[in-house]
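Hello,

I am passing a structure on to you, and I hope you enjoy looking through it. Please open it first, and then read my notes below.

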Amino acid sequence: MKDLKTAWKAQQVEVNAMTSLVEVRARAAEVEAGVRRRNLALYVYSAASILVSAWLIARGAFPAMRYPMVLMVAAHLMVLWQINRRIAARRLPADLGARPAIDFHREQLERQAHGLSRAWLWYMLPFLVPFVWELGIMLHRIQTGEAPPEAPRLLAVFVVTGVLFWTAVLLAFSRAALKARLEIERLSALQAN
Amino acid sequence: MAQDELFLGAIAEFGPALARLAAAYEADWDQRRDLLQDVKLALWRSFAGYAGQCSMRTWVFRVAHNTAISTRLRRRKLGLVSLDELADLAAADDPEATVGNAHVLARLQAMIRRLKPPDDQVMLLYLEDQDAAAIAEITGLSAGAVATRIHRVKQLLSNRLRQAPGQQGEAA
């Protein structure tokens, strides 16, 4: 076994990657630039989303859907803000060396599980409210005869697509949260031994 | 500039071990390089808060393993197994178990990549010649749990890395 350890330590690896402080600072700047680029992309997307919706509302397109559309824009912005907040929180803390690996691992999983198990609140609900509102308006227009003849079929397609899509999203989030919780339990049991 | 001096000292002493850690966790050359750079950046940042809370060795290995955990969680690597499961996966008559010296390291790295935390950490730190107390301090496992794992690691390594004729003793 000693020979194996010797062979392990004698392996050829690239040890010269980023050994100077100049390179470390350059890497730190690169990481920060990446964060700024991601933020910029989110801001551009948010601005475009607002502008398109504002333009549609201003020119009187879909007047009945005006308020749900405004709410849908707000939902987009809220979810973007949440994603940005959660990605920012994912950055490695400065006190990595102060925490044993198993504690750090569990903390990361707990944060992940918390976000995933509450995804219905921060990811689904903001979109579901305007979506249901829009469906309600469509249904009302069908019942009062204001809607075009193809509206009932369109409504059925919307409802089925919406239910399937959001159920799949909820199941995916729940499954990932469950896996994280099981892993947390495994780590806790290991540490208790 | 204590932070810079600590970093340079740590790299001088543990640089090769960090490179081996990156090589063990990442098969892809670019990802390996990225992980090594992330570890070194995290290490440099961490030294701003280092005030001798633990030994330099423990600090460096904790930062390295915690950074690797974070990367692995981000990539959501599937199909990881425990030491016991990995031992079960290796049939005694596995023809690949008889390996030449050139392939020993590659197989060791492949084994580490398949293991769940903290088993991968224990195996890696064991190969880095860290004793049970040091491994316990770095991983957060109890000394007893580490000892049990080291025993399993030894068994696994001797079963999985039997040497080809003429190379006896390598994994003995």
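Some background before the details. This is a predicted model, in which local features need pLDDT of at least 70 and side-chain atom pairs count only at pLDDT 80 or more, while totals for chains, interfaces and linings use all residues. Residues are numbered from 1 along each chain as its sequence is written, chains are lettered from A and ligands numbered from 1 in the order in which they are written, and side-chain values use heavy atoms, with hydrogens and water left out.

Let us begin with chain B. It has eight helices and zero strands, with helices taken as DSSP runs of H or I of at least four residues and strands as E runs of at least two, numbered from the N terminus. Of its 172 residues, 56% are buried (buried means under 20% relative accessible area, exposed over 50%, partly exposed in between, with a 1.4 Å probe and protein chains only). Among contacts in chain B with a separation of 6 or more, 72% are between residues 24 or more positions apart; a contact means heavy atoms within 4.5 Å.

Now to where the two chains meet. Here 66 residues of chain B are in contact with 43 residues of chain A. Between them the chains bury about 4,900 Å², with 63% of it on carbon and sulfur atoms; buried area is the accessible area (1.4 Å probe) that two parts lose on being put together, summed over both. On the chain B side, Arg20(B), Asn66(B) and Leu73(B) lose the most area to chain A, together 12% of what that side buries.

Five salt bridges are counted between chain B and chain A. One of them pairs Asp4(B) with Arg25(A), their closest N and O atoms being 2.7 Å apart. Another links Lys5(A) and Asp129(B), at 3.1 Å between the closest N and O atoms. Lys5(A) lies in helix α1 (residues 2–9) of chain A and Asp129(B) in the loop between α6 and α7 of chain B, so this pair joins two chains. Lys5(A) counts as buried, at 15% relative accessibility, whereas Asp129(B) is partly exposed at 46%.

Within chain B, Glu128(B) forms a salt bridge with Arg20(B), with 2.7 Å between the closest N and O atoms. Because Glu128(B) lies in the loop between α6 and α7 and Arg20(B) in helix α1, the pair ties together parts that are 108 residues apart in sequence. Both Glu128(B) and Arg20(B) are buried. Salt bridges that share partners also join Arg27(A), Glu30(A), Asp34(B) and Asp38(B) into one network.

Trp122(A) and Tyr123(A) have ring centres 5.9 Å apart and planes at 70°, so the pair is edge-to-face. Trp122(A), Tyr123(A), Phe127(A), Phe165(A), Trp166(A) and Phe173(A) form one aromatic cluster.

Best wishes

Definitions and conventions. Salt bridge = Lys/Arg side-chain N within 4 Å of Asp/Glu carboxyl O. Phe/Tyr/Trp six-rings, centres within 6.5 Å; stacked < 30°, edge-to-face > 60°.
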